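Here is a short report for someone meeting this structure for the first time. Have the sequence and the 3D view open as you read.

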Amino acid sequence: MSAARLTAAAAAFAVCAVFGAVRSARQNVLLESMDDLITDVRYAASIIELEHLPVGEMAKRLAFSGKCRTLWKETTESMRRGSTFEKAFESASKPPLCPEAVRVTEKLASFLGSGDVKTEVTRLLSAAERLSEIRAIKETELAQKAKLVRVLSVMLGTAFALLII
Amino acid sequence: MEKYSEKTLNTIISYLPKRIASAFENAVFAHPVEEIRLRCARQPQIVTSCGDMLLECGAFTREEAGELLAKLCRRSVYSREEELKRGFVTIEGGVRVGVCGRPVMEDGSIVRLTDITCFNFRIAREVIGCAESIMPQITEHGKPVSSLIVSPPGGGKTTLLRDMIRCLSSGIGCMPVKVGLADERGELAGVVDGAPSFDTGPRTDVMEFAPKAEVINMFVRTMSPDVIVTDEIGGADDAEAIADAARCGAAVIASAHASSARELNERSGLAEIVSTGVFRRILLLRRTGSMLHICPVKL
């Protein structure tokens, strides 16, 4: 067995293992986006509860000091052009989210502004809670998936290494 | 000089449903429009200084009412909740829109107004100079004294008070004084983007959309006004705050709803304020068409 073969096998194994590790780490991006969104929804609830700012002003505030700034900036810009909050939010580019989370936020956007302070705050906090539940489910799923990806990539790397040898 | 603001009218038109707005623009009015009233399932009513007419454009619908309310509240009903509870929303240019609906009660007081179906756009007017001839009646040795302007609803109190503020603040008919304006409904100054829509003079500090009794106390504590002006007094809290301001040396000029001296004495709250003797002048305002008549009241 030549040294070159051994080196190639080791390299193949390393590439597969690193690929697996990177793939599983990437899945954390979705959880981070959800954390940011949940923080912003709670922030929106406190803006409405304490300052009674209209939705347009609230979006502006979030674009300035929220976590998902791109989403709120695009929403604000669409509203400036005359869109309603619902349409502006729907057309703005969202951070990486699972479809359930997107559904929850879009439903929230379609109702926001139609009720009194108490209703709106309850609505926003319930949405934040629902998003937290979705996040917890996703976290478990992703942890299992990440483990599977890591194991499969190590196995694939081992298989490649053995083939090369 | 009456400033019947085109801009104000255009602002109102921008809120109206399109078909009503175009019918309104096509109609011809012989006298200045004062109110635009919209009621669900009824034709829009236009009130001028010399009568009223119904717009021939069909009835105002519930859908239009919902859309109008959303527009008035900038699609955020919660942001106007406090105003709605008191039965009005103030929009750009100090235009007050009165609303009627179904109040939701809790512990005997209104906590919410739902099912809003009637709207009354009251067009804020600025009649520059209308208070100039009255200034001698509310001043002594060039300084303002506490005065109460009384008239029935729609009698021109707000228009007169607005010009009084300008005169006091600019020194027209008196020495120029610092004016604290407690504008609970936001219609006296009509502040938009931080600047008053109406001429309130160079020495006027405006506090909007807050209970006048609290604002009066804040003014006395922090802004050292020579005179405090406020609209439509009548509550027990108002009496206390006004008496306190007077004790601190600030004159108070206010308006109230009543059509005679007798009515003034019969209205609880208002009668209490008057009985404190804070107001040294009480002026009764009567309106005939576009003419204002003012006569002093002796109690």
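This is a predicted model: local features need pLDDT of at least 70, side-chain atom pairs count only at pLDDT 80 or more; totals for chains, interfaces and linings use all residues.

Residues are numbered from 1 along each chain as its sequence is written, while chains are lettered from A and ligands numbered from 1 in the order in which they are written.

**Domains and chain contact**

Chain B is assigned domain 1 (2-122) and domain 2 (128-296); such bounds come from an automatic or database domain assignment. The domain centres, taken over C-alpha atoms, are 26 Å apart. In the contact between them, 9 residues of domain 1 meet 12 residues of domain 2. Contact here means C-beta atoms, placed from the backbone, within 7 Å. The domain 1 side has 2 nonpolar, 4 polar and 3 charged residues. Ala, Val, Leu, Ile, Met, Phe, Trp, Tyr, Cys and Pro count as nonpolar, Asp, Glu, Lys and Arg as charged, and the others, Gly among them, as polar.

Chains A and B also touch. Chain B gives 8 residues to this contact and chain A gives 14 residues. The chain B side divides into 2 nonpolar, 2 polar and 4 charged.

**An antiparallel sheet in chain B**

Helices (H or I, at least four residues) and strands (E, at least two) are DSSP runs, numbered from the N terminus. Strands pair if DSSP finds at least two bridges between them. In chain B, 6 strands form an open antiparallel sheet, ordered E4-E3-E2-E7-E6-E5. Its edge strands are E4 (51-54) and E5 (88-91), each pairing on one side only. From one strand to the next, the twist averages 30°. E3 (residues 45-48) pairs with E4(B) over 4 bridges, and B:Gln45 stands opposite B:Leu54.

Axes are lines fitted to C-alpha atoms, for helices over the stretch in contact, and angles run from 0 to 180 degrees between N-to-C directions.

| Helix | Strands crossed | Angle |

**A buried strand**

How many residues of strand E12 (residues 179-183) of chain B are buried? 5 of the 5 are, so the strand is largely enclosed by the rest of the structure. Buried means 20 or more other C-beta atoms within 10 Å of a residue's own, exposed means 12 or fewer, and partly exposed is in between. B:Val179, B:Leu181 and B:Asp183 point one way, B:Gly180 and B:Ala182 the other. E12(B) runs parallel to E15 (residues 204-208), with 5 bridges, and parallel to E16 (residues 227-230), with 4 bridges. B:Leu181 has B:Val206 as its bridge partner in E15(B). B:Ala182 has B:Thr230 in E16(B).

**A helix pair in chain A**

H2 (residues 55-65) and H3 (residues 69-80) of chain A pack at about 145°, their axes 8 Å apart. Among the residues that meet are A:Gly56 and A:Leu62 in H2(A), and A:Trp72 and A:Met79 in H3(A). This contact has 5 nonpolar, 3 polar and 3 charged residues.

**Two positive phi values**

B:Arg74 is not a glycine, yet its phi is positive, about 50°. B:Arg74 sits in the loop between H3 (62-72) and H4 (81-85) of chain B. B:Glu232 has a positive phi near 50°, in the loop between E16 and H7 (236-247) of chain B. B:Glu232 is partly exposed, with 18 other C-beta atoms within 10 Å.

Technical notes
Two residues are in contact if their C-beta atoms, placed from the backbone, lie within 7 Å.
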